[in-house]
Amino acid sequence: MSDFSIDADWSELYVDGEWTPAESGETIDVEDPSTREVVAEVPSASGADVNAAYEAAAEAQTEWAEAPPAQRAAVVQQFLEALQAHSDEVVDLLAHEVGGSAIMGETSIQIASDHAGEAATLPRRMKGEHAESNIPGKENIVERGPKGVVTVISPWNFPLNLSARAVLPAIAAGNSVVLKPSTNSPITGGLLFAKLFEETDLPGGVLNVVTGRGSEIGDRVASHPESDVVSFTGSTSVGQHVAGLAGENLAVPAMELGGNNAFVVTEDADLDRAVDAATFGSFVHQGQVCISINRHVVHEDVYDEYVEKLTERAEELAVGSAHEGGTVVGPIIDESQRDEMLEYVEETVEAGATLETGGETADIDGVDDSLVVEPTVLSDVTNDMAAACNEHFGPIAPVIPFSDVDEAVEIANDTEYGLSGAVHSGDLSVAREIADRMETGNVHINDQPINDEAHVPFSGIGASGVGEYNSDAFLREITETKWISVQHEPREYPF
Ligand code: NAD
């Protein structure tokens, strides 16, 4: 049996380069959302385990920070090679743990690999400055070094690449890491990283992985005094709480939070191309993407045709278990998420919207209480209806009409979030005007909002977060500068 299969041993924490059971001896079951069967057990860490992880991280960091850039780059490169070598097993793990289809699994590998490739360039690109001085005879040197210990708290929806985008640059820059994955993705968001790094020359203690319930160890992780940066990806409500704890401790909060992304289609857009993008942007990984389309905002002249085409496409999608090869729409992560999104659909219909298709769970052979939700299209939606004003995080496409550009922009911006968005238009200058006026960190013209390229800054504004991920933007958050000046000749003081 492979060490990377779901049947392998995942029951121990990774602290100081060693596998160790949780102090309490307790474990948490991992349920496969497609089959609803328990497929693995992971340790339930306590505060003492968390403390041990930070102690190891702080201890290991000093020496790791002194490792030459080529050595740190080589370790991240080795991680990339290990990920590639185990990619089929990792895709399978994602299917078992979070109900990811083959498309989701392969996309996760591709994005995580992109982050690894970019992170491997950081050690050689991390540079200080030499600045002129206003004071005669003074030389200014600005050194750039790692912050110290970086805490990474990641969500379950795309666990592999969302942990990778923080863990890999942090390690590349000479920090050590304590990684706390979501309770729904302890393996692919956490323990897997330890196994992959074991195939590299990373010294023990630089990466530590603690799995456990956010409600039990989350506060300890977010507020640990050894932590210098808290890199959190997750919901806005938990993020606000975590940022508060990090702030009390004067650790830098790097927060990537929820979204409510608009997909705007003008009257002269290529409708087939727009619907193609919309189908992917709404339904990939069952809509459980922070940057997926939450709301379709469509010009009234093409509204009916758009709804008809989108409904047709939604009905054609292969729905079912993540373990079936052709599945596009697999299971929702758990019952509470599924029930919440179905409630949003029900409330939206009660408020006057039309259910074009979907709105129910789909039966899966041999599974009691299936977590698969049918791809759902809702028309006659207004922005205040439940499926539109909440981050539904499901395979749900509420379609809202608009009559002119000002109204489209107003609808798109009528949310506390500001993460991603997209515009389809036949006129690039109109598309650009709408994109410029959309209050979001990312907007994509003639595409859909799900994009992440490791060398391009990625950020949310408003309730979608503080700080930036990727490349130089994230490098600034996980490093600090130190100004050293040298007074080469005697300085004249006023007294
Ligand atoms: P969540 O906020 O419930 O959990 C995120 C992480 O926080 C998990 O690891 C969880 O265990 C942990 N946590 C829970 N309580 C904690 C506490 N008290 N202290 C510290 N950590 C605690 O989010 P989720 O359900 O895992 O993920 C879905 C959410 O994440 C959605 O809102 C989605 O939009 C957002 N998200 C944002 C981005 C982005 O880049 N902006 C990317 C992916 C997901």
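Which residues in helix 4 meet which residues in helix 6? Before selecting them, note that this is a predicted model, where local features need pLDDT of at least 70, side-chain atom pairs count only at pLDDT 80 or more, and totals for chains, interfaces and linings use all residues. Residues are numbered from 1 along each chain as its sequence is written, and side-chain values use heavy atoms, with hydrogens and water left out.

**Stop 1: the helix pair**

Select helix 4 (102–119) and helix 6 (159–172). Helices (H or I, at least four residues) and strands (E, at least two) are DSSP runs, numbered from the N terminus. On the helix 4 side, pick Met-104, Ser-108, Ile-109, Ile-111, Ala-112, His-115, Ala-116 and Ala-119. They meet Pro-159, Leu-160, Asn-161, Ala-164, Arg-165, Leu-168, Pro-169 and Ala-172 in helix 6. Contact means heavy atoms within 4.5 Å. By class, this contact has twelve nonpolar, three polar and one charged residues. Ala, Val, Leu, Ile, Met, Phe, Trp, Tyr, Cys and Pro count as nonpolar, Asp, Glu, Lys and Arg as charged, and the others, Gly among them, as polar.

Now check the axes. Helix 4 and helix 6 pack at about 10 degrees, with axes 9 Å apart. Axes are lines fitted to C-alpha atoms, for helices over the stretch in contact, and angles run from 0 to 180 degrees between N-to-C directions. The two helices are therefore roughly parallel (angles under 35 degrees).

**Stop 2: the largest cavity**

Select His-115, Glu-118, Ala-119, Leu-122, Arg-165, Pro-169, Ala-454, Asn-470, Ser-471 and Phe-474. They line the largest cavity, which holds about 50 Å³ of space. A cavity is a set of points on a 1 Å grid over the protein atoms alone where a 1.4 Å probe fits but cannot get out; lining residues have an atom within 4 Å of a point. A volume is the space filled by probe spheres set on the points, which are joined across faces, edges and corners. Helix 4 gives the most to this lining, with three residues. The lining has five nonpolar, three polar and two charged residues.

**Stop 3**

Seven strands form an open sheet, ordered 14-15-16-13-12-18-19, with mixed pairing. Strand 14 (354–357) and strand 19 (444–445) are the edges; each has a single partner strand, so one side of each lacks a neighbour in the sheet. Two strands pair if DSSP finds at least two bridges between them. Next, select strand 12 (residues 261–265) and strand 13 (residues 293–299), which pair in the parallel sense over five bridges. Ala-262 has Arg-295 in strand 13 as its bridge partner.

Methods: On a 1 Å grid over the protein atoms alone, a cavity is a set of points where a 1.4 Å probe fits but cannot get out, and a pocket is an open set with protein on both sides within 12 Å along at least five of seven lines; lining residues have an atom within 4 Å of a point. Angles under 35 degrees count as roughly parallel, over 145 as roughly antiparallel, 65 to 115 as roughly perpendicular and the rest as oblique.
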